[in-house]
Amino acid sequence: MSMLPGFETPSPRRARRAEPPAPSEALRDKALDIHRRLCGVYHCPIPYFHSLDPLSELISSLLSHRTRNADSGRAFKALRARWPDWEAVEAAPTEEIEATIRGVTWPELKAPRIKAVLSAIRERQGSLNLDFLSDMSVEDARTWLQAIPGIGPKTSAAVLSFSTLRMPALPVDSHHHRVAQRTGLIGKSVDVGPSHPILRAQLPADWSAQALYDNHEVLMLHGQKVCFHHKPACDRCVLLELCPTGQARMQR
Ligand code: SF4
């Protein structure tokens, strides 16, 4: 299957296969140290930013790919205002959906994708509702979601973590991924998708949904506020002592 820009590559087989080797104790300690330092800076526990049901969270997540939060939030509200429920969105003409979400990146791709995802859920589940995922393990729920074209590791984890399901899943976005790579939690060649199971395995298996959410949020916030894509502010970073990239930059 070809990959559309702005969408994660779907692969249920890959979702099942992604068992990383057990992390070393040193790497686990480092992941915890990073978590504690960043939680001190960004004040864990971090309040949840959404209280959407899981299907709404999924649509919100599909809209948000490569799109600013404000624009995807506006598009989500526009969809909710234009149609009374997701059944009506599924039945709506694609071009009307595209016009309604025109503020996001690639509305011409996201409109048919949203309809296809809704239809796939109805086909597999018999109705447009994802609340049943709460009865599954995190791994099974993610595998179920990732069997749908267009849903990858980041989206499946976001649905479980950010929605009212509040399940212990760890999403990794581009900011989170950048900080993890620069601090050496993951290798330079590890992409966002494959980084999910690696980063999750470095954290305690019994961590709560809130603790994993905090971990994602603080690494993401650090990427947005300090570890910028261009010119990271290493001189004021609480992770400098732990970060080979920052130490190399400071010696230049
Ligand atoms: S020391 Fe620099 S490169 Fe390392 S995490 Fe901090 S800001 Fe990013």
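By class, how many nonpolar, polar and charged residues does the shell around the ligand have? The shell has 10 nonpolar, 3 polar and 1 charged residues; Ala, Val, Leu, Ile, Met, Phe, Trp, Tyr, Cys and Pro count as nonpolar, Asp, Glu, Lys and Arg as charged, and the others, Gly among them, as polar.

Please note that this is a predicted model: local features need pLDDT of at least 70, side-chain atom pairs count only at pLDDT 80 or more, and totals for chains, interfaces and linings use all residues. Residues are numbered from 1 along each chain as its sequence is written. The pLDDT, the predictor's confidence in each residue from 0 to 100, averages 93 over the chain, and 93% of the residues score at least 70.

I return to the ligand. Among the 14 residues surrounding it, the closest are Cys 227, Cys 234, Cys 237, Cys 243 and Gly 246; a residue is near a molecule if its C-beta atom, placed from the backbone, lies within 6 Å of it. Helix 10 (174-182) and helix 13 (244-250) each contribute at least two residues to this shell; helices are DSSP runs (H or I, at least four residues), numbered from the N terminus.

Next, helix 11. In residues 192-201, Val 192, Ser 195, His 196, Leu 199 and Arg 200 are buried, that is, 20 or more other C-beta atoms lie within 10 Å of their own. They lie on the same side of helix 11 because they cover an arc of only 125° around the axis, taken from the directions from the helix axis to the C-beta atoms. The buried residues of helix 11 pack against helix 9 (153-162) and helix 10, contact being C-beta atoms, placed from the backbone, within 7 Å.

How values were computed
Buried ≥ 20, exposed ≤ 12 C-beta atoms within 10 Å, placed from the backbone. Contact = placed C-beta atoms within 7 Å.
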